[in-house]
Every structure is written in structure tokens, then in C-alpha cells.
Amino acid sequence: MQEQPESPLAPGLTARVELTVTDADTALALGSGDVPVLGTPRVVALAEAATVAAVAPGMPAGSTSVGVRVELEHRTATPVGRTVSAHAELVKVDGRRLVFEVTVTDGGAVAAQGRVERALVDRQRFVERAARA
């Protein structure tokens, strides 16, 4: 059995990303509903962007991370024009598996909260395998 190299990433890494909601970000535009408020698929994408940003500075050369699991509770409706902020913290590193706690806020309110798991992969091998699939 081949041993996995130790990850250079450690718990405690954080990042915050912001989004000002536009018509293109709404449930109506994304096909996830029929209301003109921030759509859940866009909330998930924002949460994932925060996780990517948290580990980007320490990412090993030739590596990337890919999303493998998202558990997110979307709690409040955010209208067009409002700015939301996603904060991600790396809370666990288990070999190639990275686990993040993510909170999306709308002003002082928690709009969404949950966990995102990502896996460290060799970028070139991953893209080659995807092309063969």
C-alpha cells in the first residue's frame, strides 16, 4: 500500500469572500425556484469559493482541491442588491480530505451555515482522468 504524503495544509486556515447579489444570482435565474432572491446554488458556489480561497496560499505545486461533499442550511432570503459574505475555516485535515465550516452572512444575520469537504488532487491527473470518463 502506497503511503499518502502529509498535507502541508493545517486546520485554522480561513478566508472570506463577498458577493453583491445580482439578477443572475437569483433562484429564478438559476432555475432553482421562481423567486428573485439569492438562489441556493449560488450560496453553495460562494461557500465553495471561500474554501478554495482559504487553502490557496498553501496549495502544493501541481495540486488543486475538488469539492466532494456539501451540507448547507440556507436560512434566509437575500434580495438583489444586498451583499453577502462567506467565511470558511479549515477545521480538519485527514490525509487528502479537507473539512471546512462555512458561514454565509447577510449583514448581521446568518443566511446559510454548514460544512464543505474537499479533496486534494494532482491537477494534471485529475483533468486527464476526467477527459477519459
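I'll start with the site and then move to the core.

What you see is a predicted model. The UniProt entry, which is unreviewed, carries a "binding site" annotation on Gly67 and Arg118. Those positions span 52 residues in sequence, but no two of their C-alpha atoms are more than 4.3 Å apart, so they gather at one spot.

Take Gly67. It is part of strand E2, residues 63-74. Setting aside residues up to four places away in sequence, Gly67 touches Glu48, Glu117 and Arg118.

Now Arg118, which sits in strand E5, residues 109-122. Is it buried or exposed? With 6% relative accessibility, Arg118 is buried.

On to the core. The largest nonpolar core has 24 residues, and Leu46, Leu98, Phe100, Val102 and Val104 have the most contacts inside it. At least two residues each come from strand E1 (14-20), helix H2 (40-55), strand E3 (83-94), strand E4 (97-106) and E5. Which of these gives the most? That is H2, with 6 residues.

Last, Leu46. Apart from neighbours within four places in sequence, Leu46 is in contact with Val17, Glu18, Leu19, Val84, Ala86 and Val104.

Technical notes
Residues numbered from 1 in each chain as written. Predicted model: local features only at pLDDT ≥ 70, side-chain atom pairs only at ≥ 80, totals over all residues. Heavy atoms only, no water. UniProt positions renumbered as here; feature names shortened; annotations may be inferred. Helix = DSSP H or I, 4+ residues; strand = E, 2+ residues; numbered from the N terminus. Contact = heavy atoms within 4.5 Å. Buried < 20%, exposed > 50% of the residue type's maximum accessible area, 1.4 Å probe, protein only. Core = buried A, V, L, I, M, F, W, Y, C linked by side-chain atoms within 4.5 Å.
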